[in-house]
Amino acid sequence: MSQSIPALSDATFDEHVTAADVPVLVDFWAEWCGPCKMIAPVLEEIAAEQDGKIQIAKLNIDENLDVTRRFEVMSIPTLLLFKDGELQARIVGARGKAQLLQEIAAYL
């Protein structure tokens, strides 16, 4: 996992998402998920290129069941976009970089 993309947990999720001064895109993923591995480099590129505009974080669904259940994540990868601590958008499934940037552009 990248240095620029923090791993969240049930214990750190709320504090991280509400304390951020930019929108936070949380990647709900698992080690065994092929599409999750495909989207990871895309998220790393976005994290580097959009630094200061958006923050990318990851949450392993196998290790963090409370947050996963709270946001009713049923399939992965699921990307949840939070702004000012509030859920703004839900993107389910892997996307290419251009499509993903287009879907989150309104929140940047």
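Me: Starting with α4, which exposed residues sit on the face turned away from its buried side?
Reply: Ala98 and Gln102. Keep in mind that this is a predicted model.

Me: And which residues of α4 are buried?
Reply: Helix α4 runs over residues 97-104, and its buried residues are Leu100, Leu101 and Ile104.

Me: Why are those on the same side of α4?
Reply: They cover an arc of only 100 degrees around the axis, so they end up on the same side of α4. The general rule is that an α-helix has 3.6 residues a turn, so residues three or four places apart point the same way.

Me: OK, α2 then. How many residues, and what is its reach?
Reply: It has 16 residues. From first C-alpha to last, α2 reaches 24 Å, close to the 22 Å expected at 1.5 Å a residue.

Me: Where is the kink in α2?
Reply: At Ala40, shortly before the proline Pro41. The kink is about 30 degrees.

Me: Which α2 residues are buried, and what do they pack against?
Reply: Cys36, Ile39, Ala40, Val42, Leu43, Ile46 and Ala47 are buried. The buried residues of α2 pack against β2, β3, β4 and α4. Ala40, where the kink lies, is one of the buried residues.

Me: Right-handed or left-handed? And buried or exposed?
Reply: The link of Cys33 and Cys36 is right-handed, with 80 degrees about the S-S bond. Both cysteines are buried.

Me: Switching to Gln50. Where is it found?
Reply: In the loop between α2 and β3 (55-60).

Me: Why does Gln50 count as buried?
Reply: Because its relative accessibility is 13%, and buried means under 20%.

Me: What does Gln50 touch?
Reply: Leu101 and Leu108, leaving out residues up to four places away in sequence. Leu101 is among the buried residues of α4.

Me: Last one, Gln88. Where is it, and what does it contact?
Reply: Gln88 is in strand β5. Beyond its neighbours within four places in sequence, Gln88 is in contact with Leu81, Phe82, Lys83 and Tyr107. At 36% relative accessibility, Gln88 counts as partly exposed.

Me: How far is Gln88 from Pro23?
Reply: They are 65 residues apart in sequence and 9.3 Å apart in space, C-alpha to C-alpha.

Technical notes:
Residues are numbered from 1 along each chain as its sequence is written. This is a predicted model: local features need pLDDT of at least 70, side-chain atom pairs count only at pLDDT 80 or more; totals for chains, interfaces and linings use all residues. Side-chain values use heavy atoms; hydrogens and water are left out. Buried means under 20% relative accessible area, exposed over 50%, partly exposed in between (1.4 Å probe, protein chains only). Helices (H or I, at least four residues) and strands (E, at least two) are DSSP runs, numbered from the N terminus. The arc is that of the directions from the helix axis to the C-beta atoms. A disulfide is a pair of cysteine sulfur atoms within 2.5 Å. Contact means heavy atoms within 4.5 Å. The expected span of a helix is 1.5 Å times one less than its number of residues. The bend at a residue is the angle between axes fitted to the seven residues ending there and the seven starting there.
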